[in-house]
Amino acid sequence: MKKFIALLIVFIMAVNLTAAARSSGFYGPGEITVEAQNGYFFDYDNAILVDNHRTIIEFNYDEFYAGSVLYLPIMVHVNQTGVAALVTENMWRTDNVGVSSKVLRGREFVEEIEVVDGRRERINGLPATRFVKIPLVGHYESFGMDEILMEFVLSVHGVGELASRINFTGFIRNRSVLVNRSSAFPVGYPTAVQVSPIFNGEVTFDFGENIRYTNRVSARDRYIFSLSRVPDPDIVKMNTERNTYMEFYNFRGTLDTFRTWGDLEIPVPRDKLSRGRNQPEELYVYRITGESLESMGPDEVSFHSRTNKLTISTNTLENYVVSNVALFRDFENEDNIDILRTGYAQTPEDEYAEEEFEDIPDEEFDDGFVPPPPGGPVGDLFLSSSAAAQAALDGLDGDEGEDKDEDKSGGDVTVESEFFGNRFDSTPISAANEGSAVNPSTSDNRHIPFAVLLMLVSCAVIILSRLKGCVSNGR
C-alpha cells in the first residue's frame with residue numbers, strides 16, 4: 001500500500017509539472033497536414049516576438065507587453081519528404097492553405113489576427129515564409145496581467161485538419177516603473193508607474209521626442225501612461241489646406257490624473273508655423289472632446305519663443321491637436337455613419353402604377369363628383385352632404401345660416417347656425433387618411449341622405465315659423 005501511495009504521489013506530481021509546463025506557450029498535436037502533396041505545419045518552436053521594434057527569438061510567454069506582436073511561422077514538407085522548407089506564395093495559393101483561429105480567453109487584448117508574408121513585413125530577422133501575425137493591443141490599462149488563450153487549425157483545399165491544431169497561452173502586462181526619487185522616468189511605451197511608499201516630490205515623465213510632463217507625486221500613487229501620435233483621420237480629412245502643420249498627441253486611458261497641476265511640454269518646429277513666404281507664424285492648440293474641438297487659450301497654454309516649446313498647464317493628460325491654421329470646431333466620425341439599409345427594390349410595374357395613380361385628378365375622388373366636359377351643360381349633379389347644406393343655407397334671407405368662415409384647404413371650419421343657437425366645429429381631415437375607414441366622413445356616404453333630409457326639415461320648420469309670425473302680425 002505504501003509503495004502504491006508513493007507511486008500515486010509521483011504520478012500526481014508529474015501531471016502537475018506537465019500542466020505547469022504547458023501553462024504558457026504553445027502546445028497541442030501540431031501534426032503535419034496530409035490532404036495535399038505538400039504537408040504544412042505550425043513551427044511554433046521557432047515563434048518570433050517583435051517588441052519595441054526589436055526581433056526577439058527567446059522570450060518569456062508570461063510577459064507579453066502591450067503593443068508587441070507575436071509571429072507564428074508556418075513551414076512545409078515538400079512532397080511529404082520530411083524536410084522542412086519555407087512556404088512560398090505559389091505553394092500557398094496552389095494548395096489553398098488556410099488558417100482558422102479563435103481567441104478563447106482575453107479577446108479584448110488581441111487585435112485582428114491575419115496570415116502574412118514574412119518578406120512583406122520588412123522586419124529584420126523575420127524569414128521569408130508564411131506567418132500567423134498575432135498583434136496585442138497597444139493600450140492595456142491594468143497594473144497586473146491577464147491571460148490570453150488561443151487556438152489555431154490549418155486547412156488545405158478547404159478541408160480542415162484537426163490534427164494540425166495547436167493552442168497558445170500567454171499573459172499580457174504593462175512595463176512598470178518604480179518612482180522612488182526626484183528624477184526623469186522614461187514612459188515612451190505604455191507604462192505602469194508606481195510611487196514608492198516613502199517618496200513624495202516632483203518628477204518628470206519622458207514620452208520621448210522631447211515630450212515631457214512634470215508634476216508632484218505622492219507616496220503609493222499609481223499611474224498608467226500611454227501616448228499615441230496617430231493622426232485622427234476625420235480631422236485631417238476636413239482640414240486639407242496647403243502647407244498645413246498638424247500634430248496629434250493622444251494620451252490614452254483615464255489613469256493619468258494628478259492631485260495638482262503640472263506642465264506638459266511639447267516641442268514645436270518653428271519653421272512649420274508659417275504657411276508661406278511673408279505669411280505670419282500662427283499656432284493653434286485644441287483639445288479633442290468627443291467629436292468636436294475645444295480651443296485652448298492663454299489661460300491654459302503658453303509658447304516659449306526661445307526654446308520653441310508649447311506648455312499646457314493641466315492635472316490630467318488628454319487628447320490634443322496642434323496646428324498652424326484654425327480648424328473646424330466639429331468633425332464627423334466616419335465610423336458613425338450608418339450605411340446599413342433595409343427594404344425592397346421597387347419593380348418597374350410598381351413605379352408605373354404609382355405614376356398612373358398620381359395622374360388622376362383629386363376631384364374625381366370627392367364624394368363621387370365628376371366635373372362636366374368643357375363647354376357642356378351642367379345638368380343635374382349629385383351634391384355631397386357639405387354642398388347640400390351650403391345650398392340650404394344660401395336659400396335663407398338675411399343673416400340666418402351665415403357662413404362665418406370657410407377654409408378650403410381642409411382646416412377647421414366654424415359655422416354659426418340658428419338651428420341650435422351655438423357654434424359647432426368640423427374636425428379637420430388629413431389628406432393622409434382621406435378615403436379611409438378611419439375617416440368615415442370621406443369613406444362612408446351612407447349618412448348623406450339623412451343629412452340632406454335633416455337640413456330640408458330644418459328649412460321647412462324655419463319657413464313655417466316665419467309664416468306663423470306673419471299671420472300673427474296680420475291679426
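**The sheets, strand by strand**

Modeller: Let's start with the pair formed by strand 21 and strand 25 (residues 309-316): they run antiparallel and are joined by seven bridges. Within that pair, Leu264 sits opposite Ile312 of strand 25. A word on terms: strands are DSSP runs of E with at least two residues, numbered from the N terminus, and two of them pair if DSSP finds at least two bridges between them. Bear in mind that this is a predicted model, where local features need pLDDT of at least 70, side-chain atom pairs count only at pLDDT 80 or more, and totals for chains, interfaces and linings use all residues. Residues are numbered from 1 along each chain as its sequence is written, and side-chain values use heavy atoms, with hydrogens and water left out.

On to the other partner of strand 21. Strand 17 (residues 212-217) pairs with strand 21 (residues 257-267) in the antiparallel sense, over three bridges. Here Arg212 has Glu265 of strand 21 as its bridge partner.

Strand 25 also pairs with strand 24: four bridges join them, and they run antiparallel. Phe303 finds its bridge partner in Leu310 of strand 25. The hairpin of these two strands, strand 24 and strand 25, has four residues between the strands, and Asn308 takes a positive phi near 55° there.

Now put the pieces together. The sheet is open, with six strands in the order 14-16-17-21-25-24 and mixed pairing. What stands at the edges? Strand 14 (184-186) and strand 24 (301-304) do, each with a single partner strand, so one side of each is left without a neighbour in the sheet. From one strand to the next, the twist averages 25° (axes are lines fitted to C-alpha atoms, and angles run from 0 to 180 degrees between N-to-C directions).

Five strands make it up in the order 19-20-26-22-23, with antiparallel pairing. Its edge strands are strand 19 (227-228) and strand 23 (292-295), each pairing on one side only. Strand 19 is joined to strand 20 (residues 246-251) by two bridges, and they run antiparallel. In that pair, Ser228 stands opposite Asn250 of strand 20.

So, back to your request: in the six-strand sheet, follow the order 14-16-17-21-25-24, and look for the seven bridges between strand 21 and strand 25.
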